[in-house]
Amino acid sequence: MSRPEPITTAREFVAERFPNALQAWLGGSAAAGRTTITSDLDVTVLIAKGEVHRESQTFKGWPVEVFVHTEFSVRYWVDLEEKERCPTTCRLQLCQRVFEAGPQPFSETELNMVRYAISDLLDDLAGGGSPAEMSAVVLEVWQRTAALLLMSRRRWLGTGKWLARELKEIDVEDGTRIAEEFQESLMQAVSGQPDQLIALARKVLEPLGGRLWDGYYLKGPPETQT
């Protein structure tokens, strides 16, 4: 059964469930015109006061994920996500200015932590193991390598499909096919042929100084020191 048009449905949902809302936004795939048969409506509602929360409901055949915010809570989450460079709230259209400006540059310490993690994982991948263990290592190498590439390009990080979409944005801007390279290397690696993924990880590592293991030193946070 076909579902009603998403933008109209979102407006009707807010009018019925949150009649006193100050503003509301439709974000995610529905707002971008990328809906699939499993897509939901990501609706953010701004209220003057009340309980900040998220909830899931079904409305006119659409699964609706609702994020209820006040001005204070929006600022709280935006500040937190800016620090983590993973802009979930900003993707929901609440702060397009922050999103378009991009994240703050990653420090050498942050980059080196990921370089070290990938280098260690590549050793695990070369060392072999059970199919279950290797599959887990492959996924970690893929995700961390993708994250390191985004970090080196001063781009927002993401999880799940948003990680793949951020890679695709690089291709759109630069005319490359890096997203396809990541996809192809993952498919090869999970089928037991990790060479392409290993080469891709090394390619991403190289401009940042290559693999990092011997001599790596990371001081613990001040609160752990005596």
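Which residues does Ala179 touch, not counting residues up to four places away in sequence?

Reply: Leaving those neighbours out, Ala179 touches Leu167, Lys168 and Asp171, where contact means heavy atoms within 4.5 Å. Some ground rules before going further: this is a predicted model, so local features need pLDDT of at least 70, side-chain atom pairs count only at pLDDT 80 or more, and totals for chains, interfaces and linings use all residues. Residues are numbered from 1 along each chain as its sequence is written, and side-chain values use heavy atoms, with hydrogens and water left out.

Ala179 is found in helix 9, one of the DSSP runs numbered from the N terminus (helices are H or I with at least four residues, strands are E with at least two). At 18% relative accessibility Ala179 counts as buried; the cut-offs are under 20% relative accessible area for buried, over 50% for exposed and partly exposed in between, using a 1.4 Å probe and protein chains only.

Now follow Leu167. Apart from residues up to four places away in sequence, Leu167 touches Trp142, Ala146, Leu149, Leu150, Ile178, Ala179 and Phe182. Leu167 and Phe182 are the residues with the most contacts inside the largest nonpolar core, which has 33 residues. Such a core is a set of buried Ala, Val, Leu, Ile, Met, Phe, Trp, Tyr and Cys residues joined through side-chain atoms within 4.5 Å. Looking again at that 33-residue core, at least two residues each come from helix 6 (108-127), helix 7, helix 8 (161-174), helix 9 and helix 10 (195-205). Helix 7 gives the largest share of this core, 11 residues. A second, separate core of 15 residues includes Ala10, Phe13, Val14 and Trp62.

How does helix 9 sit against helix 7? The axes of helix 7 (residues 131-152) and helix 9 (residues 178-190) come within 10 Å and cross at roughly 165 degrees. That makes helix 7 roughly antiparallel to helix 9. For the geometry, axes are lines fitted to C-alpha atoms, for helices over the stretch in contact, and angles run from 0 to 180 degrees between N-to-C directions. Under 35 degrees counts as roughly parallel, over 145 as roughly antiparallel, 65 to 115 as roughly perpendicular and the rest as oblique. On the helix 7 side the contact is made by Val138, Leu139, Trp142, Thr145, Ala146 and Leu149, and on the helix 9 side by Ile178, Phe182, Gln183, Ser185, Leu186, Ala189 and Val190. Sorted by class, this contact has 10 nonpolar, 3 polar and no charged residues. The classes are Ala, Val, Leu, Ile, Met, Phe, Trp, Tyr, Cys and Pro as nonpolar, Asp, Glu, Lys and Arg as charged, and the others, Gly among them, as polar.

Helix 7 has another partner too. The axes of helix 6 and helix 7 come within 9 Å and cross at roughly 155 degrees, and helix 6 and helix 7 are therefore roughly antiparallel to each other. Helix 6 passes helix 7 in a left-handed crossing. Residues making this contact include Val114, Ile118 and Leu122 of helix 6, and Val138, Val141 and Leu148 of helix 7. By class, the tally for helix 6 with helix 7 is 13 nonpolar, 2 polar and 5 charged residues.

Finally, what follows helix 7? Leu157 lies in the loop between helix 7 and helix 8 and, at 16% relative accessibility, counts as buried. Beyond its neighbours within four places in sequence, Leu157 is in contact with Glu84, Arg85, Cys86, Pro87, Arg91, Phe106, Ala147, Leu150 and Met151. Arg154 lies in the loop between helix 7 and helix 8 as well, but Arg154 is partly exposed, with a relative accessible area of 42%. The backbone of Arg154 has a positive phi of about 55 degrees although Arg154 is not a glycine. Most residues other than glycine have a negative phi.

Technical notes:
A crossing is left-handed if the near helix is turned anticlockwise from the far one by less than a right angle, and right-handed if clockwise.
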